[in-house]
Amino acid sequence: MKISFENPDKVNGLLTITVEETDYKDEVEKTLKDYRKKANFPGFRPGMVPMGLIKRQFGASVKMDAINKFVGEQIYKYVKDNNINMLGQPMGSDKQEPQDLEKPAPYTFMFDIAVAPDFKIELNGKDKIVYYNIKVDDKLIDQQVEMFASRAGKYEAAETYQEGDMLKGDLRELDENGNKEGGIEVSEAMIMPSYIKVDDQKKLFDGAKVGDIITFNPRKAFPDNDTEVSSLLKIKKEELKDHEGDFSFQVTEVSHFANHAIDQELFDSVFGKDVVKDEKGFRDKIAEGLKAQLQGDSDYRFLQDVREYCAKKVGQLTYPDELLKRILLAANKGKDEKFVDENYDVSIKQLTWQLIRDQLLAANNIKVEQADVQAVASEMARAQFIQYGMNNVPDEYIENYAKKLLEKRENVEDFANRASDMKLTQALKNVVKLDTKDISIEDFNKLGEEK
């Protein structure tokens, strides 16, 4: 075997590999022997099929597979041994001449290799980057208290309808005479008038009490929501065209949603039994959780600012654009060149950050272990439970759910990237000079809108 690499402009590489018969012969013979052991040909006992017959039947495909395997292994070995920072996959070169594998070796194969631009990025105490410290104030704590109280709240019977209340009643379809024979009738239909977008229809329910009969038009009340109307009338969407008239709604129940009282029962439901004893402790515990959550938001923003800072510091990099577009086109099955062109700039920005990130990880000796990935999986599992209002889920349930998340390969890759980002963030906070700025959550969110 002979292998050579040309890289005149530093980013477009041409790798040429010449394969001799000795490079693949042993692999072909081994594979054909295995085929012979398993081959089932009429007139021959298993394992006794003549090798000549095996070669005629399978020789060409086995030879091709062996050559492809050998070439692939040698390409990646050469790239690794020579520290070539290859981008994407090798692509068959336009300079490749046809090779007739039915003829004796040697065979020559040529591949275009996209090489990452050569640059160096370093960060130290001379690099000043903003770090936003989000303040946990009373307003933010009040919002969390309201959220927990709302999640634990319930509907209670009320005498008169007020905005946000729920009404239960009996629906009956009407005609011009006020009673449609064979029309739709729905018992215990539920309506939340606050969701009605048409004012004249919404006002019909103002001050409604049990026993009141309200005449309204569902199609007019929810003009752009066939799903809502079909659900209310208990019919299919395609049937709505036959029921566009008025309906009567006799109120049988008015329900007002009330938040849970700020009491021990609420404290226990959120943080576990007797973890919190009073409202002050409840607010302190909420503040503690918010601080950890908001630090995560601050860290994420910091890493985004690091990304922008490093991109400016590195400047415009030269890429093998045409070759990269070929690689992207091959990687995005079902997409065309227009798609690649439209998304190329975004892809290059992401690629540039990936190259910068790799250098920063190496410079700070950051490696991701299995324990790091598991920790991120547990964090994500806990966050999902919290999203559904389950703050005091036992660790055993968290770990079991984390294991399920890790069963998916794409999740493992995402968690590994998150773990490395978290480690990199913590490392860089101790490397660069932080320009710490206290900020409210409202102003912090506005920063995101400006991006």
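Predicted model: local features only at pLDDT ≥ 70, side-chain atom pairs only at ≥ 80, totals over all residues.
Rings of Phe, Tyr and Trp, the last represented by its six-membered ring, are taken as a pair if their centres lie within 6.5 Å. Tyrosine 132 belongs to strand β5 (residues 128-134) and phenylalanine 444 to helix α14 (residues 441-450), so the pair ties together parts that are 312 residues apart in sequence. Tyrosine 132 counts as buried at 13% relative accessibility, and phenylalanine 444 is buried with a relative accessible area of 10%.

A further edge-to-face pair is formed by phenylalanine 205 and phenylalanine 249, at 6.3 Å centre to centre and 65 degrees between the planes. This pair also links distant parts of the chain, 44 residues apart: phenylalanine 205 is in the loop between α4 (199-202) and β9 (213-216), whereas phenylalanine 249 is in strand β10 (residues 247-258). The relative accessible area of phenylalanine 205 is 0%, so this residue is buried. Phenylalanine 249 likewise counts as buried, at 0% relative accessibility. Elsewhere, Phe148, Phe267, Phe271 and Phe282 are linked into a cluster by ring pairs.

The charged end of lysine 325 sits over the ring of tyrosine 344, at 5.1 Å from the ring centre. In the case of lysine 335, the charged end sits over the ring of phenylalanine 339, and the distance to the ring centre is 4.9 Å.

Helix packing was examined for α10 and α13. The axes of helix α10 (residues 337-363) and helix α13 (residues 409-429) come within 10 Å and cross at roughly 65 degrees. This crossing is left-handed. Helix α10 contributes Arg357, Leu360 and Leu361 to the contact, and helix α13 contributes Asn417, Ser420, Asp421, Leu424 and Leu428. Sorted by class, the residues of the contact of α10 with α13 comprise four nonpolar, two polar and two charged.

Glutamate 308 is located in helix α8 (residues 279-314). With a relative accessible area of 39%, glutamate 308 is partly exposed. The C-alpha atoms of glutamate 308 and tryptophan 353 are separated by 8.8 Å, with the two residues 45 apart along the chain.

Leucine 15 lies in strand β2 (residues 12-19) and is buried, with a relative accessible area of 0%. When residues up to four places away in sequence are not counted, leucine 15 touches Ile3, Ser4, Phe5, Ile75, Tyr78, Phe109, Met110, Phe111 and Ile113. Between the C-alpha atoms of leucine 15 and lysine 55 the separation is 32 Å, the residues being 40 apart along the chain. Isoleucine 84 is placed in the loop between α2 (51-81) and β3 (86-92). The relative accessibility of isoleucine 84 is 14%, so this residue counts as buried. With neighbours within four places in sequence left aside, isoleucine 84 is in contact with Phe5, Tyr78, Val79 and Val115.

The backbone has several features in loops. The peptide bond from alanine 105 to proline 106 is cis, with omega near 15 degrees, and proline 106 lies in the loop between β3 and β4 (107-115). Lysine 234, a residue other than glycine, has a positive phi near 60 degrees. This lysine 234 is found in the loop between α6 (226-233) and β10, and counts as exposed at 63% relative accessibility. Asparagine 365 is not a glycine, yet has a positive phi of about 50 degrees. The loop between α10 and α11 (370-387) holds asparagine 365, which counts as exposed at 68% relative accessibility. The C-alpha atom of asparagine 365 is separated by 21 Å from that of isoleucine 84, and the two residues are 281 apart along the chain.

Conventions:
Residues numbered from 1 in each chain as written. Heavy atoms only, no water. Helix = DSSP H or I, 4+ residues; strand = E, 2+ residues; numbered from the N terminus. Buried < 20%, exposed > 50% of the residue type's maximum accessible area, 1.4 Å probe, protein only. Phe/Tyr/Trp six-rings, centres within 6.5 Å; stacked < 30°, edge-to-face > 60°. Lys NZ or Arg CZ within 6 Å of the ring centre and 35° of its normal. Axes fitted to C-alpha atoms, helices over the stretch in contact; angles between N-to-C directions. Left-handed = near helix turned anticlockwise from the far one by under 90°. Contact = heavy atoms within 4.5 Å. Nonpolar A, V, L, I, M, F, W, Y, C, P; charged D, E, K, R; others polar.
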